[in-house]
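Trainee: Hi! I've just opened this one and could use a guide. Can we go through it together?

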Amino acid sequence: MSSEQPPKRPARAVKRAAPSALPAPVAPATPHVASALAASSPWAYAPAPESKELALIRPRYGLFIDGQERAPASGEVVITYNPATEEPLAEVAKGGAEDADRAISAAERAYRKVWSKLAPRERAKYLYRISRILQERSREFAVTETLDSGKPIRESRDVDVPLAAAHFWYYAGWADKLQYAVPGRRPESHGVVGQVIPWNFPLLMLAWKIAPALAAGNTVVLKPASTTPLTALLFADVCRQADLPAGVVNIITGPGEMGMAIATDPRVAKVAFTGSTSVGIKIAQGIAGHGKALTLELGGKAANIVFEDAALDQAVEGVINGIFFNQGEVCCAGSRLLVQESIAEDFIARLKDRMSTLRVGDPMDKNTDVGAINSRAQMETIGELVASGVAEGANLWQPECVLPDRGWFYKPTLFTNVAQSHRIAREEIFGPVLSTITFRTVDEAIEKANNTAYGLSAGIWTEKGSRILQVAAQLKAGVVWANTFNRFDPTSPFGGYKESGYGREGGLQGLHAYLRSS
Ligand code: NDP
């Protein structure tokens, strides 16, 4: 990295007296496309860039409070960057405790005067409308998400945005059927809920949080991550377009401390957080003893277990998807490959072969498999953990791959000869790095899979249905996929054990989190 590159994000704060005098941000340049495949290869693809003009990114964004865009009390802004080019995309308000207070007041008023008084089927109509608008504006959302987060356009287009719309559609269906969600009891909303979301699935995490909250009759104050605020701010526009009553959804951008100000405010009855385990612990400590409801969706170190009878090529695809989807910046990523010793050599050879065909580069190219890492800080975290793997004695392998000369990109990385005590086997890397451990027996596989402080997800690859049932029942993971990986659906609950947090999002269980029942 050259010294001319922008600073670590969250970016510098800039004091602004006259917002209208701000210069327009520099338009992002198209990054140099690179691939693990040589350009001369018969498998090489022609460039297939999506148009960035679809994003309609404004130069500057304020806070969305009480249905209106407002300047932050500080008058300061932060810059959000395109991770694929390291160029500024927009200036975003730097909110603080005072802004959190205003947003919570607006949410409390909207809850008391409007949302809690509305017939449930009327609430449902708003959710259906939001879902429909997300579908109508799906290309704009997909392009904005990719520019701001670095994830491949294929993923934002085919996964993030459709799933976000599906969550609003699914929970719209629950809004007027809450009595069936808690049979024999009386469902009640919490009131104002505070939500803090991360940067790896910015729009999707917003949908996971806002859709069930509104369906259950709550109002919301949501804080997006500082490096990926744009789709949340675009969602504010969707709320306006849907004529959602003012104050029902408030979206405020700002640093982590502002997230804590939201969580600890006495008027916030329920808190939902997705992010690192360390911040999750701080939030749990910050609100302890105040009677608030809390769901925490934190980190993971999932085992993807491949038995010798598995369909190997199918398993290779599942392992690739498990760790390289969204550059591995996924809480449930299959970051530990547990492979049976009898097939390990063959399986690793197949895996290397497949990794050599991954296309790494411009996230806006529709053929890209692995896009940009979200921030320079995250690049450094990945680099530090990979270096620890080498220092501790694991064998590192990366495919021949020329990375773009600008932007935050990391080569798909495979470690073999990994010991369970290595940091790369224990800590969440949150990058395109796979650590391989072998096993001989089913019991050994289960023991090694459970040998982690986390417990979010796991995968099992075998032809035997009975083995799937036997192993899945013994894995301490909230989600266990069998002969597939990273499958998500709004009807299906998602959440963890141990240091992966508690509570569930998605499905009926995700609705329960936003209801009190008497
Ligand atoms: P954080 O947990 O710091 O960020 C997640 C969200 O929490 C962001 O909105 C962040 O705001 C906010 N936040 C930060 N500090 C506080 C605080 N004290 N109180 C309330 N909210 C806070 O994740 P990082 O971005 O630092 O990533 C670090 C590591 O966390 C990653 O390497 C990865 O291992 C893990 N992670 C896990 C995720 C998951 O889905 N489980 C998602 C993201 C990260 P802001 O952006 O303004 O700092």
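Trainee: Leaving aside its neighbours within four places in sequence, what is Val 143 in contact with?
Mentor: This is a predicted model, so keep that in mind as we go. Setting aside residues within four places in sequence, Val 143 contacts Glu 50, Ser 51, Lys 52, Leu 54, Ala 55, Ile 153 and Met 364.

Trainee: And where does Val 143 lie?
Mentor: You'll find Val 143 in helix 3, which covers residues 138-149. The C-alpha atom of Val 143 is 9.9 Å from that of Ile 57, and those two residues are 86 apart along the chain.

Trainee: Is Val 143 buried or exposed?
Mentor: Val 143 counts as buried, because its relative accessibility is 0%.

Trainee: Okay, new topic. How many residues of helix 6 are buried?
Mentor: Helix 6 is mostly covered, with 14 of its 14 residues buried. The length checks out too: at 1.5 Å a residue, the 14 residues of helix 6 (residues 202-215) should span 20 Å, and the end C-alpha atoms are 20 Å apart, which agrees.

Trainee: What comes just after helix 6?
Mentor: Look for Gly 217 there, with a positive phi of about 100°.

Trainee: What about helix 10, which residues are buried there?
Mentor: The buried residues of helix 10 are Leu 312, Ala 315, Val 316, Gly 318, Val 319, Ile 320, Gly 322, Ile 323 and Phe 324.

Trainee: And what covers the buried residues of helix 10?
Mentor: The cover includes helix 11 (341-355) and several strands, among them strand 13 (303-306), strand 14 (336-340) and strand 18 (457-461).

Trainee: What span should helix 10 have?
Mentor: With 13 residues (312-324) at 1.5 Å a residue, helix 10 should span 18 Å, and its end C-alpha atoms are 18 Å apart, so the two agree. Just after helix 10, Asn 326 has a positive phi of about 55°.

Trainee: Let's switch to rings. How many aromatic pairs are there?
Mentor: The count comes to twelve aromatic pairs. One of them is Phe 168 with Phe 235, a stacked pair at 5.5 Å centre to centre with 25° between the planes. This pair links distant parts of the chain, since Phe 168 is in helix 4 (residues 153-174) and Phe 235 is in helix 7 (residues 230-241), 67 residues apart. Both Phe 168 and Phe 235 are buried.

Trainee: Why is the pair of Tyr 170 and Tyr 171 edge-to-face?
Mentor: Their planes stand at 75°, so the pair is edge-to-face, and the ring centres are 4.8 Å apart. Tyr 171 is buried, with a relative accessible area of 0%.

Trainee: Which residues form one aromatic cluster with Trp 208?
Mentor: Trp 208 is in a cluster with Trp 481, Phe 485, Phe 488 and Phe 494.

Trainee: Which ring does the charged end of Lys 270 sit over?
Mentor: That's the ring of Tyr 514, with the charged end 4.9 Å from the ring centre. Arg 467 lies over the face of Phe 307, 5.0 Å from the ring centre.

Trainee: Last thing, the ligand. Which residues come nearest?
Mentor: Of the 27 residues around the ligand, the nearest are Trp 199, Ser 226, Ser 276, Leu 298 and Glu 428. A polar side-chain atom of Ser 276 is 2.6 Å from an oxygen atom of the ligand.

Trainee: What about polar backbone atoms, say of Ile 197?
Mentor: A polar backbone atom of Ile 197 lies 2.8 Å from an oxygen atom of the ligand. For Gly 275, a polar backbone atom is 3.2 Å from a nitrogen atom of the ligand.

Notes:
Residues are numbered from 1 along each chain as its sequence is written. This is a predicted model: local features need pLDDT of at least 70, side-chain atom pairs count only at pLDDT 80 or more; totals for chains, interfaces and linings use all residues. Side-chain values use heavy atoms; hydrogens and water are left out. Helices (H or I, at least four residues) and strands (E, at least two) are DSSP runs, numbered from the N terminus. Buried means under 20% relative accessible area, exposed over 50%, partly exposed in between (1.4 Å probe, protein chains only). Contact means heavy atoms within 4.5 Å. The expected span of a helix is 1.5 Å times one less than its number of residues. Rings of Phe, Tyr and Trp (its six-membered ring) pair if their centres lie within 6.5 Å; planes under 30 degrees apart count as stacked, over 60 as edge-to-face and the rest as tilted. A charge sits over a ring if NZ of Lys or CZ of Arg is within 6 Å of the ring centre and within 35 degrees of the ring normal. A residue is near a molecule or strand if one of its heavy atoms lies within 4 Å of it. A polar contact is a pair of N or O atoms within 3.5 Å; within protein, one must be able to donate a hydrogen and the other to accept it, and residues adjacent in sequence count only if both atoms are side-chain atoms.
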